[in-house]
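Hi there,

Here is the structure I promised to pass on. My notes on a sheet and a helix pair follow below it.

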Amino acid sequence: MSRGGAAAHPSAPTVAKVRMRFAKRGRARFSSHRDVARAMEWALRRAGVPVSLSHGFSPHPRLSWIGAAPTGAASEAEFVEIGLTRDLEPSTLAREVDAVLPEGLSVLDVVRAGPGALADRIDTSVWRIAMPGVEPQALVEAVAALEAAPVVEVERMTKNGPRTLDVRAALVRVDVMPPLDDRHPNDARSADDASGDDGRPAGDLLGGASDGAPEVSDLRDRPHGSACGTLSAVVRHTTPAVRPDDVVSALRTVAGLEPPVPVLATRTAQGRLGASAELLDPLEEDRATTGREPHPERHVGEDRPV
Amino acid sequence: MSLDAPTRGGVPEPVWDRLEPLLPRVRKPVQYVGGERNATVTPWEDAQVHWALCYPDAYEVGLPNQGLMILYEVLNERPDALAERTYAVWPDLAALMREHGVPQFTVDAHRPVAAFDVLGVSFATELGYTNLLEILDLAGVPLHAADRTTAHPLVLAGGHAAFNPEPIADFVDLVALGDGEEVVGDITDVVAAAKAEGLDRRATLERLAGVPGVYVPGLYAVDYAEDGAIAAVRPTTDAAPARVHKRTTSDLDDWPYPKQPLVPMAETVHERMSVEIFRGCTRGCRFCQAGMITRPVRERSKRGVSEMVEQGLAASGYSEVGLLSLSSADHSEIGEIAKGLADRYEGTGTGLSLPSTRVDAFNVDLAEELTRSGRRSGLTFAPEGGSERLRRVINKMVSEEELIATVSTAYEHGWRQVKLYFMCGLPTETDEDVLQIATMAHEVVRAGRKAAGRGDVRATVSIGAFVPKPHTPFQWAAQAAPDVVDTRLRKLREAINSDRSLGRNVGLRYHDGQPSLIEGLLSRGDRRVGRVIEAVWRDGGHFDGWSEYFSFERWEQAAARELPAYGVDLAWFTTRERDEHEVLPWDHLDSGLDRGWLWDDWQDALDSREQDDCRWTPCFDCGVCPQMGTEIQIGPTGEDMVAAGRMLPLTPVESRTSTPVRNPALSGGAAGSDP
C-alpha cells in the first residue's frame, strides 16, 4: 500500500535550481504573498515546468520565496527560487511561464542558481512611492524633516497587536523624484537610478527599459493636472520590515504630511547594499558562475495597463 | 439598456478609476480586481445583449460556482452576447462605495451593473435573498420590478432556490427554471430582438414569458383564502402560461463546460478543476430537493469526463480534480473513470476526489483508487438519519451493520478519520432517533480501533438541521422548531461524552437551529414573505449565510411586523404541516414531478416505507421522464476514455513530478553546457 511517506513514486530529486525575478503590477498589486504564491504554482503547472516536490506525507512544490512585497504594493523585483527535476534553459522557462501567468504578474529574469543562498544577497529594497495630490515641494520639505530626525517611530497593527518601529534607522536614503512630466516617458528608470546611483539591477534578461512602461501608465492614468509628489526610498530590511506605508507614516509624524488618497508604492529593486550605498543585483553572482543567457525577444506591454 | 449610468457613445464608463483608490482601505482587495486567468473581456459595442452574471455571496464563495462559470462561457461564446460577473461586496467596501458614489460593478471590465441588459442571479440558497436587495440597491436598480423602466436591466433569478421564487417575486423580472445552458441563449435571442424592435419593458417581458422554462412573476396574480392559504395563482395575460415547465439539458457531452475554468488570484473556497460527471439523482432521498428537481439522471460519458479533466487541468494548473454530482459513486462507469484518471495522473501531483452519499464497501474501493498515491486523511459517509427507522422515513437505506463494516474497511485501508453526516429535525423524528447517532459513533470508533490496530482513530459527526423544501415529498412536512433541534443536539452531545474513552475520539459539529428556521421561511414562503425580506434588508440584514452577519432576532421581528396583516406568521410558514389539498406557492411551477406521486411518497415516508432507485430498478412513476420528454441516460458508453496517445504518459512514470502538462518547449531538457 502506498501512502504517507512511503509513496509508490518517490519524488524525483532536485537536479537543478533556477532563480526568478518577477514583477507584480497594476491590479495584481492588490494580491497578498499567499495569492502570488498560489498563482505562481498554478502557472508553473500550466507551463509544464517539472518542479520538484518535497518529501513526506503531503508533498508540495519546492519554491522558496524571498521577501514578498506587501498587499497593495507593486514590485519590479520579487524573487523566487524553484527546484527542478530536469535542467532547463532559463530563458525558455522564463518565456513559457511568462506566457501563462495571470494579468499583472510578469517574469523579468531567470538564471540557473549558483552556489550561495539567494537570501544572503538581499538586505535592502528601493521603493518608489507616488503620492497623488501631494505637492512635490511639500514632499521635499517633509523628506528633509525626515532625514534630519535621528529617530522616527511609527506604529503599525500586526497580527500580534500594535508594534512600534523606527523608520529612520532602516532608511538608507530618500530622494524626491522630479515631476513625471519633466522626464522622458521612456525614462522612468532614470529617477530610480538617481536614488542610489545604480538602483536598477544590471543585466535585465527580459525586460530592459520596457519594464517601467506599465508603471508609467499607472501614474499617467490618474487625473491630469493634479500634483503627484514621488519619492524614492532605499530601505534596509529590518525586523519587523519597514514598509512603504511606514515611510508615509513617518512623513506624517515628522511633517504632518497627509496624502489625500492612498499612495502607490512600487519596489523597483532588491539586493545587497554595496560599500558606496549602491544596490547589487542578487542574480548577478549566479550569472557570473553559471554563464550568461542570450537575450530573448520579448513583446513589450503584454500586460494590459490598468 | 440603462440611461442612468454614465456612458460615452453608448458605452458605459468603467468605474475602476473611482474604485481603485478605495481598495487599499478594505479587507482582501484582490477579490474586487478581476483579471482572473481565463476571464473574458469583450468590447461593449461588439455585443447586442449584455449579461451581468451575479452570485449573491462573497467572491470567495461565488467565483468557484460551476453554474455561473458554465453560463459565463456559454454566453461569451455567442457572437452577439457578452457576459461579465459580479459578486456581493463586503460591508466595508459597500460603505465606501456609497460614500463615493461608486455603483455595483462587474469584476471583468468594472462596468456598472445597471448598464447591462440582463442581471442574472444564481441562487444556490435562499439565504442570499437579502444580498440580492443589497446588490440592486448598490447598482442603482429599483428594488421592485414594478418600478423599473426600459432603462433598467431585466433581473433574472436562477438556480435551485428559483424553484420557489415567490418570496422574491416582487424583486425579480424573470425566473429560469431548471438547467441554464440553453435557456440563456433563448433569452438572449428574445432580448436582442426586443432591443432591435424597440419594445418597451412590458412587451419584452410578455415575449419572454413565452420562452419555455421562463417564469415572469409580474404576469401572475395570487389570490388568498380566508384562512391565509393561497386560493389561486393565475396569469393576468394570455402571454403567460398557466404552468411553467423546467428546462432540461439532455446530453451533457454536448455541453463540456467549463472548458477554461476561471483561476482567481484571490483565495476561494474550492480551488480545483471541477467536472460534473452526471446531473440528476434517482436515489430518491426524500429530504433532497436537488435530487428531486434535477431528474432524470444524465451521465457524462467516461470519454467526455476524461477530456474535460485533461483540458481543464492544462487551462487552470489546478492540482485537484473534483468529480462532481449529487452522488458521484453512482455513475455507471465510475470504476473505469477512477482507474483511468488515477493511471493518467499518477505521479503528477494531481489529487482526485468525488463527493459520494453512498455508505458501502464500493465507496472505499473507489476512494482507495483515487488516493492511490496521495494522502488519506478523511473519508466521508452520509447515513443522514440516526436510526434505521428514520432512515426508512427519509429513504436512505443503509443498515448499521453495513455502516460499521464499511468504516472498518476504511480504517483498515489507512484512513485516519471518518466523517459521518446526519440531519436533525427530520419528519417523525424523536429524541431516541437522534441519540442513536451517539451509539453509532461509539460503534464506529470501537470498530475503527480494532481495524486500524491503534487507539487514535477519529470519527467526526457533522449535523445539519433539516429544512423542508419545495418539490420534495417533505414539502408538506412541519419543520422542527429551533429549540427542539437544539435540545436534541445537546442531549446527543451528552450521550457521546457519556463514554469518555470513546467520546474523546468523536468530534461533533453542528449549527444551531435558528438560521434553518429562516431558511425554511424563505424556502416555502409565498409573495407575502417578500415584505419580510425587504424589512430585514432595510434593517441592515445581509450575508445571512454567514453566522457573524445573521441575526435571528432581526428576522423574527420583521416577520412579526409584516406578516400579521395577512393573517399569517413565521410559524404558519415553517412549523405548520400542510394538508394534501392546500395550494402550495410553487404549484404552478413544474419540476416534472407528479404531485400525486410526491404525496404518495410522503405517505410512504410516514409509514417508514422505502422506495428503490429507478436507475437500477423499474420506473416508479415520479412523472419526470414522460412529463419532460426525457429519459435516464447511463452507460456503458463503449468509447475509450481518450485516444491512448493523448491519455497515457509516453514514458512510464517512474517518479513524481509536479505537473500533468507536457510542454514541448520544455520537454527536450537543457543542453548539457551553456552557450
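**The sheet in chain B**

B:E384 stands opposite B:F422 in β18(B). This is a predicted model, where local features need pLDDT of at least 70, side-chain atom pairs count only at pLDDT 80 or more, and totals for chains, interfaces and linings use all residues. Residues are numbered from 1 along each chain as its sequence is written, while chains are lettered from A and ligands numbered from 1 in the order in which they are written.

β17(B) and β18(B) (residues 417–424) run parallel and are joined by 5 bridges. They belong to an open sheet of 4 strands, ordered β17-β18-β19-β20, with parallel pairing (strands pair if DSSP finds at least two bridges between them; strands are DSSP runs of E, at least two residues, and helices runs of H or I, at least four, numbered from the N terminus). Its edge strands, each pairing on one side only, are β17 (378–384) and β20 (506–510) of chain B.

At the β20(B) side, β19(B) (residues 458–465) pairs with β20(B) in the parallel sense over 5 bridges, and B:V461 has B:L508 as its bridge partner there.

**Two helices in chain A**

The axes of α3(A) (residues 136–148) and α7(A) (residues 244–255) come within 9 Å and cross at roughly 85° (axes are lines fitted to C-alpha atoms, for helices over the stretch in contact, with angles from 0 to 180 degrees between N-to-C directions). That makes α3(A) roughly perpendicular to α7(A) (65 to 115 degrees).

Happy browsing!

Technical notes. Parallel < 35°, antiparallel > 145°, perpendicular 65-115°, else oblique.
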